[in-house]
Amino acid sequence: MSTRFKEAFQEFWRLNVSKIGVVFLTVLVILSIYVVVSYPLDFGVRYWNNPLYWADYPKSAPPSWVNYFSNEKIPEHYTFSSIKPSNTLLTESGIRLIYLFKLDFQADKTPTFLSLTVKNVTYYDKPVIIRLNVTRPDGKNIELYRYTVPAPYVDESPPYKRFYDQSKRISLTGDLSVASILARFLSREYNVTIKPSEVNSIGQHKIIFSIPKGDTQFTVLKGDYTFYIIVDTYDSRDSVGEVKLVVGGDVYGFMGTDSLGRDLSVGLLFGFPIALFIGIVTSTITTLLGAGLGIMGGYIGGKLDEVIQRTADFVNNIPLLPLLIFLAFILGQNLWIIVFLLVVFGWPTLTIIVRSMVLQLKSGQFIEAAIAIGAPRWWIMFRHIFPQVAPFIFAQLIFFTPTFILLEAALSFLGLGDPTMPTWGQILEYGFRSGGIYVGLWWWIIPPGLLIIWTAITFVLIALGMEPVVNPRLRRMK
Amino acid sequence: MGLARTLFMRALTLITVLVLVIFFMVLVLGATGTSDKILQAMVNEEIMMLRQSLAKTIKDPQELERVINIRKQELTEFYGLTKPWYVRLPDMAWRVLTLELGKARTLKTFAGGNKVSDIVMERLTNTIILVTSATVISAIVGLVLGVRIATRVGGILDRLSSYFSAISYAIPTWWIGIILILVFAFLLRLFPFGGLYSTPPPSDPYMKFLDIIWHAVLPVTTLVIASIGVWIYTTRTIVLNTAQEDFVNAARARGLPEELVRRRYIMRVAAPPILTNVILGLATSISGAILTETVFNWPGLGRLFYDAVLVMDEVVVIALTYIFTLVYVVARFLLEVLYVILDPRVRY
């Protein structure tokens, strides 16, 4: 048995398609293991489908490597965060914590937004005051923002804890107080009169990162920016857990983001184990069921065979996708239901083929011999017939896998995927439904499709490599 | 009359499939409580209309309420909502069969009506246009190329086509469509993003026809790319197998011209198995149509399916599942008639 297996493997390994297929599969498996180990189980609900989590990411941003190919440099995305102040000063009223963030800004366009987030603020005496100042490359200083942490409630006793459950995110873009500060700054420094509402519609982040040219034109100001986040505390026990400043870019990461700002590389990675799971699990169950029924029907025959054949014929004769859509729609969108449905509709093809193979084997002498010694039926089926058809069944298992991966992707694309976990089909669906293809967001549309194809091709290649092993007639063909 | 009997048996099998699918659907609808929801919606619809018409004649609100309540009870009785779902199975099955499913919740016909059967029927032609033209093109190109390749086995074209058919097995049809849109509609602006014709459609009928063709190019190409690999590969394999048979060699040995050998001896024998493959691929092309129409916003049944799922319109989803099965069964029957004509052996 083991030499037979070894020979079969050598035969398989001889072909280039097999080698490529196995390499592909190894990469898929490694990536899947990485995801399973490092991602939380509730990734879909807690992060992917939670818009709050992605608030500080740029929306519909292409991957950052597009900058290598374009003449105009698109701003990168900068996130600065710190849990420890860079400086502490003793003032008359208390301790001043200063967080310092430096940014060498060299892009040809201004950033897309600006936001400040604070987390875990504790105070004992007076509410903590948080300010944000910026010094620009031209030496001009703007006091952008001032925020007083909410005062104690009635009956509340110190320590007063703020922003523990949910961090406080202040979007400077769209903030009217920042707009009027900037309007005053423009008229003081450049003699440009502009209403705060106009500043708001141009965008606060744009004004900060540019100098006015005429009354309505702005040119980007490149160079070193320093942001100061100044926190005035009034008690030595007061503390701030974390401050974060985000200078929103227009490119992001290796794969870009979608229209909700979700980092596509994170979602696409999560798709690996799911695609493999659906493909392999569905295929395995389907093959076992289909082969089992085929062997039983073929060997036992009679009424059982008749029932199996009629059912297989029926299932084989219905158009699959409409009924799958119907059932996924009525029964609900859940990964297990989808796998179940794929199995229910997938088994007949194999049953029909395996049955006809068993019918031929049945009259073989080794079977007659086994019957003559008095071997029970299940023993013959399991020990004598199954090993004969096993290589074929295994090849079919591999061959079916891409079909199921593609079917799940199709269902997801039609909006019937499991909403609690992102799959490649779902990422594509959202890109399609939200109009991403009509405005050419290629980084959102092309990668998930290529990943689906890559995964499917892996199994096609392995199946091609197995063909000469399973079908010895092909062996000598070269 | 072997022919009539064979066809009758085929028709019977396919009708059984249709009946079983409907039965299965109704079973699922009943067991999940969906059929109750649909019938209740029909009752509510009628009560609402009754209230509007009665409000003009009956002024006393209490009297109005009383009349409406009586009518509501009658209707609930009439639709069988007082009985458990499994008693209502045959009735529900009949509703699906005759598309008497009431009104769609949000989807409408092009004219603005909301009767389910109207919505479904007016889109049927668009789907048939799309699928038929794609199938005809794939068939012609696939047959011509397949036969050509079979005469030059091992050539570049042969190897290319076998790679292509292996790869096309792994590419989702709808993604091809999306890429075509990205390249030809967005980037090159050669073809429209989707739809059946421009808005507003050209008034001149000739121009309108051209407009539809212009809109159909990308979806038809998508379907052809998706199915042509299989066409070429099966044609090639079957023709190749037939060409190695003894009777073909015998015909060549008799000195018959190659053209005649190919037409009468090879193709005549290879045609039925090729057709079998087409029949088997029919279900796939229906799936392909659903997805391709969705991508290209082609106003056929497939796009309607997507829209119905999107707005959660159960009745339309049910009607479409049934119609797709019906279209499949009818198309399959037509192909099998063709098969019986092509292969005389089937008759006996």
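**Before you click.** You're looking at a predicted model, in which local features need pLDDT of at least 70 and side-chain atom pairs count only at pLDDT 80 or more, while totals for chains, interfaces and linings use all residues. Residues are numbered from 1 along each chain as its sequence is written, and chains are lettered from A and ligands numbered from 1 in the order in which they are written.

**Stop 1: chain B.** Select chain B and switch to cartoon: there are 12 helices and 0 strands. (Helices are DSSP runs of H or I with at least four residues, strands are runs of E with at least two, and both are numbered from the N terminus.) The radius of gyration of chain B is 26 Å, well over the 20 Å that the globule rule gives for 348 residues, so chain B is more spread out than a compact globule. That radius is taken over C-alpha atoms, and the rule is 2.2 Å times the number of residues to the power 0.38. Along its principal axes, the C-alpha trace of chain B spans about 100 × 55 × 35 Å. Of the 348 residues in chain B, 35% are buried; a residue is buried with 20 or more other C-beta atoms within 10 Å of its own, exposed with 12 or fewer, and partly exposed in between, C-beta atoms being placed from the backbone.

**Stop 2: where A touches B.** Now show both chains. The contact takes 35 residues from chain A and 37 residues from chain B, where two residues are in contact if their C-beta atoms, placed from the backbone, lie within 7 Å. Which helix of chain A gives the most to this side? Select 320–331 of chain A, which is helix H9: H9(A) gives the most, with 10 residues. Helices H13 (377–416) and H15 (442–470) of chain A each supply at least two residues as well. Colour the chain A side by residue type and you get 31 nonpolar, 4 polar and no charged. Here Ala, Val, Leu, Ile, Met, Phe, Trp, Tyr, Cys and Pro count as nonpolar, Asp, Glu, Lys and Arg as charged, and the others, Gly among them, as polar.

**Stop 3: one residue of chain B.** Zoom in on B:Leu320. Leaving aside neighbours within four places in sequence, B:Leu320 is in contact with A:Pro322, B:Val120, B:Leu301, B:Leu304, B:Phe305 and B:Ala308.

**Stop 4: a sheet in chain A.** Here 5 strands form an open antiparallel sheet in the order E2-E3-E11-E5-E6; strands pair if DSSP finds at least two bridges between them. Strands E2 (87–90) and E6 (141–148) of chain A are the edges, each pairing on one side only. Select 95–105 of chain A to get strand E3, which pairs with E2(A) over 4 bridges. One bridge to show is A:Leu89 with A:Arg96.

**Stop 5: a hairpin.** Select 210–213 and 217–220 of chain A: strands E9 and E10 pair in the antiparallel sense over 4 bridges. A:Lys213 has A:Gln217 as its bridge partner. There are 3 residues between the strands, and A:Gly214 takes a positive phi near 75°.

**Last stop: A:Val22.** A:Val22 sits in helix H2 (residues 16–38) of chain A. Is A:Val22 buried or partly exposed? A:Val22 is partly exposed, with 16 other C-beta atoms within 10 Å.
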